[in-house]
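Please go through the points below with the model open.

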Amino acid sequence: MLLPTLVTCLAACAFLLSPASEGCGPGRGYGKRRSPRKLAPLAYKQFSPNVAEKTLGASGRYEGKITRSSERFKELTPNYNPDIIFKDEENTGADRMMTQRCKDKLNSLAISVMNLWPGVRLRVTEGWDEDGHHSEESLHYEGRAVDITTSDRDRNKYAMLARLAVEAGFDWVYYESKAHIHCSVKSDHSVAAKSGGCFPAEALVTLEGGGQKAVGDLRPGERVLSSSGGDGSGPLVFSEVLTFLDRDRDTQRLFYTLHTDAGARLSLTAAHLLFMSEGNCSEGAEPARGALRTAYAGDARPGQCVLVSDGRGAARLSRVRRIGVARRRGAYAPLTRRGTVVVDGVVASCYAVVDQHALAHWAFAPLRLFHSCTGTAGGGSDGDGIHWYSKVLHWLGRRLLGAGRLRPLGGAHIDR
């Protein structure tokens with residue numbers, strides 16, 4: 001009876017929560033620090049990677065023009081990031097419209113620009129084109145390309161701006177003109193854009209015995225510090241690791257690093273969920289009832305608060321002071337029975353891609369039931385790759401809800 005029940009639950013979960021199928025998570029370890037890598041600016045007319053834009057190794061093939069009246073228009077999302085200036089010559093807001101993958105990369109780049117050049121912001125001169133101003137089969141027609149400068153329009157910065165765009169994860173970057181940099185991304189439908197992400201290997205969790213362990217060394221069956229509340233609040237408790245929703249020892253992914261006033265530093269992929277508070281964000285205070293919400297890490301901003309462990313079995317609010325981005329090797333997404341985990345002292349969800357932790361946790365209930373009955377999560381924990389349950393949910397979701405409903409993972413794979 002267990003297998004038919006599991007299949008039925010899988011189908012139900014797919015209807016309600018297909019985007020939650022690929023878990024992903026935060027984390028930053030405190031192991032050996034690597035020396036800062038010196039970034040080399042792109043040369044004029046150089047593109048990276050060194051292949052044509054619309055090839056598999058770069059942003060992939062053109063899929064057709066998107067218009068406001070077309071069914072595919074729902075694949076585009078507006079970008080209202082205040083750290084980015086949109087030229088918007090047409091005064092229609094078109095330059096703000098883009099695919100979610102393009103938005104994630106652009107927001108990541110905006111942080112890098114502000115970090116490298118304080119007081120300078122990223123500027124978008126061209127985004128989605130609905131008026132036919134670009135060449136035939138331009139990715140601007142699909143909201144997958146942007147032309148960028150810096151807000152001060154200092155052309156001496158553009159070569160390094162191109163390098164920052166590469167580091168931010170754009171799938172193709174071209175120092176096209178002395179006046180701008182052209183960047184584009186893979187289609188959100190692309191399999192290459194759906195790689196998992198999560199905690200870097202050196203991220204630390206707290207074991208029930210009191211010690212700490214790197215996520216990369218964690219094994220199913222071990223009990224780690226988690227939160228007892230469904231919204232991340234409540235006393236901190238220990239919860240069993242059931243399996244890994246994703247594990248890849250060798251991949252390189254782009255991680256956001258949140259630095260809080262309490263000294264916590266958390267690195268996580270853009271599509272991973274955090275518990276955050278916007279109002280009454282008093283440093284060191286307990287969150288008020290109903291004050292917490294789940295949000296994508298890529299949408300986090302300085303001034304918001306996350307939950308951190310106070311070291312005495314409780315979680316307290318701590319304000320995000322600044323956010324950085326960096327590439328790291330290794331990606332791990334442990335799933336605990338409670339669906340939460342404390343990584344490097346910060347409380348996070350075990351889930352990603354969908355913006356509701358409670359719904360995601362419900363969708364994975366059949367897997368928890370399967371584990372309770374069999375003592376195993378049915379594979380996916382001994383080798384690299386995405387767990388079979390996640391793959392099934394994603395497969396069903398794409399067919400039942402359509403690819404346009406799936407948010408691509410922000411911690412995308414970086415071609416090696």
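1. E18 and E19 form a hairpin with 2 residues between them. Asp 344, in the turn, has a positive phi of about 50°. This is a predicted model: local features need pLDDT of at least 70, side-chain atom pairs count only at pLDDT 80 or more, and totals for chains, interfaces and linings use all residues. Residues are numbered from 1 along each chain as its sequence is written, and side-chain values use heavy atoms, with hydrogens and water left out.

2. E18 covers residues 340–343 and E19 covers residues 346–352. The two run antiparallel, joined by 4 bridges. Val 343 stands opposite Val 346 in E19. Strands pair if DSSP finds at least two bridges between them. Helices (H or I, at least four residues) and strands (E, at least two) are DSSP runs, numbered from the N terminus.

3. Which residues of E18 point one way, and which the other? Thr 340 and Val 342 share one direction; Val 341 and Val 343 take the other. All are buried, meaning under 20% relative accessible area with a 1.4 Å probe, protein chains only; exposed is over 50%, partly exposed in between. In a regular strand the side chains alternate between the two faces of the sheet.

4. The largest nonpolar core has 42 residues. A core here is a set of buried Ala, Val, Leu, Ile, Met, Phe, Trp, Tyr and Cys residues joined through side-chain atoms within 4.5 Å. Leu 258, Leu 274, Val 306 and Phe 364 touch the most other members. Elements giving two or more residues to this core include E18, E19 and helix H4 (357–363). A second, separate core of 30 residues includes Leu 42, Phe 86, Leu 122 and Met 160.

5. Leu 274 deserves a look. Among the residues that Leu 274 touches, not counting those up to four places away in sequence, are Leu 258, Val 306, Val 346 and Val 347. Contact means heavy atoms within 4.5 Å.

6. Helix H3 (residues 158–167) has 10 of its 10 residues buried. Arg 163 and Glu 167 are among them. Just after H3, Gly 169 takes a positive phi of about 105°.

7. Helix H2 is largely enclosed by the rest of the structure, because 14 of its 17 residues are buried.

8. Now the whole chain. There are 6 helices and 20 strands. Of the 416 residues, 57% count as buried. Residues 24 or more positions apart account for 71% of the contacts with a separation of 6 or more.
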